[in-house]
Amino acid sequence: MLRIVLGALAGYAFIGVLIFGADQVYAQLIPAIHSGTPPASYYQLAMLTDTVFTFAGGWLCGLIAKRDLQATWGLIIIGELMGIASTVYLWHTAPHYYSFYLLVMYPIAVWYGAKGLSAAHAKS
């Protein structure tokens, strides 16, 4: 049970650290972010990298939890709840397509990240 909880929490924390780090880099590379309204290019780049980071978080979750689906579902539920809260909070500042894209792609990326680990182990 402990590895299931640790897998989900570590996967979520890993995604958060990657996204936070990427946002720090974007703030240096895209000066318009400081103007208050980030340009569309920021959101497009963030959608791509957030999806990759979420896939990586799913992979880490699967690795720690030894591919237990309860951990994968736990990570999906944690992320979706936080994503809904974020969508509500950013409703008047972030483009809606950005929020909805993340809500749709998050569970898909986590699932395939965790399943990617299973496929790699099945081949060996």
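**Aromatic ring pairs in the predicted model**

Tyr26, Tyr42, Tyr43 and Tyr98 are joined into a cluster by ring pairs. Rings of Phe, Tyr and Trp (its six-membered ring) are taken to pair if their centres lie within 6.5 Å; planes under 30 degrees apart count as stacked, over 60 as edge-to-face and the rest as tilted. The model is predicted, and local features need pLDDT of at least 70, side-chain atom pairs count only at pLDDT 80 or more, and totals for chains, interfaces and linings use all residues. Residues are numbered from 1 along each chain as its sequence is written, and side-chain values use heavy atoms, with hydrogens and water left out.

Five aromatic pairs are present in the structure. In the pair formed by Tyr43 and Tyr98, the ring centres are 4.9 Å apart and the planes stand at 65°, so the pair is edge-to-face. Because Tyr43 belongs to helix H2 (residues 40-64) and Tyr98 to helix H4 (residues 96-123), this pair ties together parts that are 55 residues apart in sequence. Helices (H or I, at least four residues) are DSSP runs, numbered from the N terminus. Tyr43 is buried, at a relative accessible area of 8%, and Tyr98 is also buried, at 11%. Buried denotes under 20% relative accessible area, exposed over 50%, and partly exposed in between (1.4 Å probe, protein chains only).

For Trp73 and Trp111, ring centres 5.6 Å apart and planes at 55° are found, so this pair is tilted. The pair links distant parts of the chain, with Trp73 in helix H3 (residues 69-89) and Trp111 in helix H4, 38 residues apart. Trp73 counts as partly exposed, at 45% relative accessibility; Trp111 likewise counts as partly exposed, at 24%.

Methods: Helix = DSSP H or I, 4+ residues; strand = E, 2+ residues; numbered from the N terminus.
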